[in-house]
Every structure is written in structure tokens, then in C-alpha cells.
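Q: Hi! I've got a structure open here and would like to talk it through with you. Shall we start with the charged side chains?

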Amino acid sequence: MELSVTKEQGRVPVTVLHVKGNIDSHSYEEFQTSAEKLLADGAKDLLIDLHDVPYMSSAGLRALNGIYNRLRPSAEDAHVVSQGVSAGTYKSPHLKLLSPSPRVLETLKMSGFDMFLDIQSNLKTAVASF
Amino acid sequence: MSELDSLTCRRIVMLSPLRFVRAFDGSLEQLSPIRDFVGETVRLLGGNEDDAFAAELATDEAATNVFHHAFENLRGRITLTLWRQENKLVIQMHYYGKSFDPSLIPEPDLKLPLAERPIGGMGMYIMRQLMDEVRFEFDAVNGNVLTMRRILNLSERYGFMELSVERPAPDAAVVHISGSVDGSNYKQLISQAETLHAEGVNRIVLEVSGCEYMSSSGLVALNAITKLLRGERMPDTEDGWAVLKTLDDARVGQSKAQLALVNPTPRVDRVLDLAGLKNLVPIYPDTKAALAAMA
């Protein structure tokens, strides 16, 4: 797996993590650790570029879950978030995905992760959406 | 086809699937080779890209669970066996290790926010989404078996075989086969050869560029036609797959081949290769070369 990071400036600074390779239970930790390090270093808005990820298993979902938990809203908003997710009106404002392949999108949809992770298909639009 | 015939065919398909078997070490680095093996095999068995993806992902999830939970950090091994059961793909995973009660694995609540979701259960959920059946049998002595079945996305041409015959010489015939040769129609191919043989044909070229799929029943037909053209007793197709073992390979090469294949698709070619039939039935790039070689 190859990981690289770029910084983009929209309304807010956006950190883009580009992933190259399959995400399975053999490789997900490397991906998750790298994303969590970006957050520890101060990144507040993270876009994960999945364009070069041909395949992702539930291990990748587990990693996204972990990253999402680091970026989740403060406790007082939790109730609103919970209601919004159930109603299908809430998407994470700080963690978004870019250009997943059809197979990866299938995994995201099958697991319901597309319900609250915003999936973008264009870098500029994605950055501007934060 | 009479009722008896269709029953017989069904029984042969059940008795004689071509099985693809491979063992893997129980380590996470093996997930990628496991997916490659499963994907390639599913395509050989007639599945499309969606079937291959579903099988790869479900097997990956199953293997990951076994490595993490059943082996408990000890080095185990899994054996994967794949075969086709009529319109279904069957994937079987055999391993020794800890058992569990699958009914106790909760279905994940997909409406729950990520932060509130329990970790785990997603792998099993994905397996059940992708497969039509997921069944565990635990046996401490003989090993545990996970069986997954999926109805394949077969084309409308499944079960459909078209034969057309050319007679370039009084003793030679070229049979063009298109569609799929499987348990539902392989006897039709054998009777076509019998008819030709009765008319004095002793060289048959099967031109199979349009044959999308050949099951083990198709291989049984090749065996039967070989014997027919050699003037040997035709095998009882009731014996299914076992008849392939009756071929006397030592005889191959002693007499000129009287049956040849022309232009198989890569999928059919690989099935022939894996079944060891390439020694028996020579393959030529075109009909002319095949006829010349058998003249």
C-alpha cells in the first residue's frame, strides 16, 4: 500500500490522504495509523482519496470507523447526529471520501457507510464542500 | 429428453463436479493470493465479474474471521474448495479451530451512527449479503467446514448449446459448438457424434470458439467420443466424473488422435488443462490444421 498526503485550501484547510492499493485486514492498520497521525498533527478536515483502491473489505470500514470516531462532533451534538443519521439527513462534515471505485462503493453501500460519509467525485468540489 | 434422462443428467452433475482445491497458510498476507485464486476459479466456473467480486470479498471476510477468531493467533491452515452445482457456485472452507455460534453474531444496525456501532459482525453481514447461503458445521475431529453458495449471474445462453455440422470429407466432420456444454445437454453432443460415426465418420473436429462454458459433463462427452472413435466400448455416463479416470493415457500417442479441438476460449482451455484432458484431445488453432493432423 502506498500513502501520500497533499494539502488543499478551500474555505478551510483540507488534508487529502491518497491511498494506493487494496485495503484488507492485512493492510488496513497502515492506512488507519497514517490517517490518525494526520489528525494528531492537527488536521481537522480530512478527505480520503480512494481513486487507486481497487478493493476494500470490512477491515477498511473498520479503519474508516476509527477515523470517523476521532473526528466526530462533541458530545452535545451527538443526539442531533444520531437523529440525522437515522433520518438520512446527516453526513460527516469533517471526513469525506473521494472517487471510490465501483467495487469499493459497493462495499460502502452494502454496509450503509454511504449514509453518513459524503462521497465526492471531484477534488475541487470536494475541497470546496468542507 | 425423457424424464429419466433429465434425472440421470442431474445426478451426474451432482456426482461429478470439477473441484478446484487449494490450501493456504492462515496468515493475513495470504488474503491477496486467496482472493486471486477465488476470483480466477469463479470465472472458470462460468461466473461473471460480479460473481467473482462477491466470492472474493465473502471469502476474504470468512478467512479473516477464521484467522482472527478460530486460530487464536496460532498458525492454522485453511483449504478452499470451489465447484459448480448447476447454476450455483459453492465455496467450501475447511479448517481446524475454535467453533462459535453463528446465530449469536448480531446483524449490524446500519442506521446506527458509526461511533455507536459495535465493532465486529460486519464481516459476517457482508458474507450473508453476497451469498445466498452461509452455513457452518463444526467438528473438532474432522475439522470445521464453512459452506457458501451463490446463484451465479449466468447469461441467457446458460444451458443452451447449438451444434452445426460440416462434412469436409466422407470420413471427417467438423462440429461447431456454441453456448455452454453442461449436464443438461452433453448427451446431445454424444448422440451427434454417434450419428456421425454411424455414417462412416472417424475423424471429428470440435470447433469450440463459441463455447462459453464447459462443465465436467462436457469433459465426460469428450471422453465418450474419444472412445467411440477408437471403436472402444462407450463409458457408462452414469459413472460421471469417474469415467475420465478410465482413460488409458498410455495409449495416447500410440494411435493417431481421432478427436481434436479447435480454438477454445481461455476459460475452456484452462478447464481442459486442469482436468488433464489436453493429453487426450489435441488442440489446434484452426480446423484445417486439425484435419491435416488427423488425416
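Q: How exposed is B:R135?
A: B:R135 is partly exposed, with a relative accessible area of 34%. Keep in mind that this is a predicted model.

Q: And which side chain does B:R135 meet in a salt bridge?
A: That is B:E133, at 3.0 Å from N to O. B:E133 is partly exposed as well, with a relative accessible area of 28%.

Q: Nice. How many salt bridges turn up over all chains?
A: A search of the whole structure finds 18. One of them is in chain A, where the side chains of A:D41 and A:K37 meet at 3.1 Å, N to O.

Q: Are A:D41 and A:K37 buried or exposed?
A: A:D41 is exposed at 56% relative accessible area, and A:K37 is exposed at 52%. The cut-off for exposed is over 50%.

Q: Back to chain B, then. What does the sheet look like, and what is its strand order?
A: It is an open sheet of five strands in the order β1-β2-β3-β5-β4 (chain B), with antiparallel pairing. The edge strands are β1 (20–25) and β4 (133–137) of chain B, each of which pairs on one side only. On average, neighbouring strands are turned by 15° against each other, direction ignored.

Q: Which helix packs on that sheet?
A: Helix α4 (residues 122–130) of chain B does, touching β4 and β5 (144–151) of chain B. The direction of α4 makes about 125° with that of β4(B).

Q: Over how many bridges do β1(B) and β2(B) pair?
A: Six, in the antiparallel sense; β2 of chain B covers residues 77–85. Within that pair, B:A23 stands opposite B:T79 in β2(B).

Q: New topic: how far does helix α3 of chain B reach?
A: From its first C-alpha to its last, α3 (residues 49–70) reaches 30 Å, close to the 32 Å expected at 1.5 Å a residue. It has 22 residues.

Q: Why is α3(B) described as largely enclosed by the rest of the structure?
A: Because 17 of the 22 residues of α3(B) are buried.

Q: What caps the N-terminal end of α3(B)?
A: B:N48 does: a side-chain oxygen of B:N48 lies 3.0 Å from the backbone nitrogen of B:D50. There is also a salt bridge between the side chains of B:E49 and B:R43, at 2.8 Å from N to O.

Q: And just after α3(B), which residue takes a positive phi?
A: B:E72, with a phi of about 45°.

Note on methods: Residues are numbered from 1 along each chain as its sequence is written. Chains are lettered from A and ligands numbered from 1 in the order in which they are written. This is a predicted model: local features need pLDDT of at least 70, side-chain atom pairs count only at pLDDT 80 or more; totals for chains, interfaces and linings use all residues. Side-chain values use heavy atoms; hydrogens and water are left out. Helices (H or I, at least four residues) and strands (E, at least two) are DSSP runs, numbered from the N terminus. The expected span of a helix is 1.5 Å times one less than its number of residues. Buried means under 20% relative accessible area, exposed over 50%, partly exposed in between (1.4 Å probe, protein chains only). A polar contact is a pair of N or O atoms within 3.5 Å; within protein, one must be able to donate a hydrogen and the other to accept it, and residues adjacent in sequence count only if both atoms are side-chain atoms. Two strands pair if DSSP finds at least two bridges between them. Axes are lines fitted to C-alpha atoms, for helices over the stretch in contact, and angles run from 0 to 180 degrees between N-to-C directions. Contact means heavy atoms within 4.5 Å. A salt bridge is a side-chain nitrogen of Lys or Arg within 4 Å of a carboxyl oxygen of Asp or Glu.
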